[in-house]
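Open the structure in your viewer and have the selection tool ready. This tour goes from one selection to the next, starting at the ligand.

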Amino acid sequence: MQAEQNWLPRCDPLSLYSRIVGTGGYLPENIVTNSDLEKTVNTSDTWIRERTGIEQRHIAADGENTVDLAENAARKAMQAAGVLAADIDLIIVATTTADQVFPSTACLLQSRLDIHGCPAFDVQAVCTGFVYALAVADKFIKTDTSKCALVIGAETFSRIIDWSDRNTCVLFGDGAGAVVVKADSSPGILSTHLHADGDYANLLHVPSGVSSNYAAVQQGRAFVEMSGSDVFKMAVKTLGRIVDETLQANGLEYSDIDWLVPHQANTRILAATAKKLKMPMSKVINTVAKHGNTSAASIPLALDLAIRSNQIKAGDTLLLEGFGGGFTWGSALVNY
Ligand code: COA
């Protein structure tokens with residue numbers, strides 16, 4: 001009998017769930033308004049507001065890097081969760097804009113936080129990155145591989161934007177959001193759903209990298225290229241589908257969702273998803289106006305803002321959902 005038990009997986013039946021126990025966010029001080037952009041590209045405040053909902057975006061200062069934003073957000077999340085560096089046993093950073101080719105931003109952050117020995121790695125799924133990272137952390141916790149994970153979405157997206165291209169430069173901003181996810185005896189993260197389809201790579205991409213056209217990277221010409229209206233249509237269709245997939249998997253109805261916490265690309269995309277959910281916009285966390293699209297940082301930033309402003313309260317059911325380059329898309333259903 002004793003010998004048989006030794007073959008069972010090591011797991012604590014009281015903590016097979018994961019729960020978000022603290023959040024943090026950080027935005028660079030420097031704000032660029034639509035009026036500022038009117039002076040540099042052929043655009044207008046009215047066009048940007050009407051087509052996207054964006055009024056301003058935060059842009060990292062020279063020398064302020066992704067790890068700096070990540071560190072600020074991570075420290076706030078750890079403080080909110082009441083955990084110390086010694087408690088963290090997993091670090092995942094979702095980013096498209098790593099500071100260096102290597103080490104990963106997660107390793108740079110680990111050193112900043114004086115954490116040693118635990119796994120630390122980056123996840124690259126562009127605007128869906130945070131949902132991917134959260135899903136990975138959830139799996140680590142549910143398999144009893146980790147007890148207390150730091151999950152961050154951090155971007156200096158402004159560095160891969162061509163500031164003379166009005167099709168893209170008005171849309172994006174910089175920032176970081178973080179959560180602490182802990183093992184718990186009751187369900188916090190109820191389910192996660194991840195998808196990708198690389199056939200759509202060319203609709204939204206930076207077509208240069210380390211092994212392909214590195215000269216463009218070296219010369220600072222590696223910029224986001226996007227077929228805006230194609231991305232828009234796919235985003236609306238796909239986000240609607242993932243809502244249904246998530247609710248079906250949990251046996252829930254649209255009305256069971258208290259808050260939609262979507263990737264913040266465009267208020268019109270948020271509105272279309274809310275319409276599908278038959279949810280009023282007052283139940284959709286919307287930071288588009290003040291943050292713009294901060295890629296992997298947008299969902300945790302929105303989550304943090306809503307929690308700190310007492311919109312989201314303990315016990316609420318949240319649907320986090322993202323869509324981005326790849327294409328990648330995914331969701332997380334969360335009992336907060
Ligand atoms: N200011 C003024 N005019 C602009 C402009 C800007 N910043 N950007 C584009 N335009 C122009 C276009 O050149 C086009 O002009 P034309 O008709 O003379 O050719 C016109 O506005 C309409 O362009 P279109 O792309 O059809 O507009 P749209 O209503 O689709 O809005 C986006 C454009 C980019 C705002 C919208 O497509 C979008 O949000 N797409 C999704 C982007 C996204 O979410 N990306 C990230 C996903 S993670």
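**Around the ligand**

Select the ligand and the residues around it: the shell has 23 residues, and the closest are Thr43, Arg51, Arg166, Gly228 and Asn266. A residue counts as near if one of its heavy atoms lies within 4 Å of the molecule. This is a predicted model, in which local features need pLDDT of at least 70, side-chain atom pairs count only at pLDDT 80 or more, and totals for chains, interfaces and linings use all residues. Residues are numbered from 1 along each chain as its sequence is written, and side-chain values use heavy atoms, with hydrogens and water left out.

Next, select Thr43, where a side-chain N or O atom is 2.7 Å from a nitrogen atom of the ligand. Go on to Trp47: one of its polar side-chain atoms lies 3.4 Å from a ligand nitrogen atom. At Arg51, a side-chain N or O atom is 2.7 Å from an oxygen atom of the ligand. On its own, the ligand has 950 Å² of accessible area, and the protein covers 73% of this (Shrake-Rupley method, 1.4 Å probe).

Now colour by secondary structure (DSSP runs: helices are H or I of at least four residues, strands are E of at least two, numbered from the N terminus). Which helix gives the largest share of the shell? Helix 9 does, with four residues. Helix 9 spans 228–250, and among the other elements that supply at least two shell residues are helix 3 (45–52) and strand 12 (317–324).

Finally, select domain 1 (17–186) and domain 2 (191–335): each gives the shell at least three residues. The domain bounds come from an automatic or database assignment.

Definitions and conventions:
A polar contact is a pair of N or O atoms within 3.5 Å; within protein, one must be able to donate a hydrogen and the other to accept it, and residues adjacent in sequence count only if both atoms are side-chain atoms.
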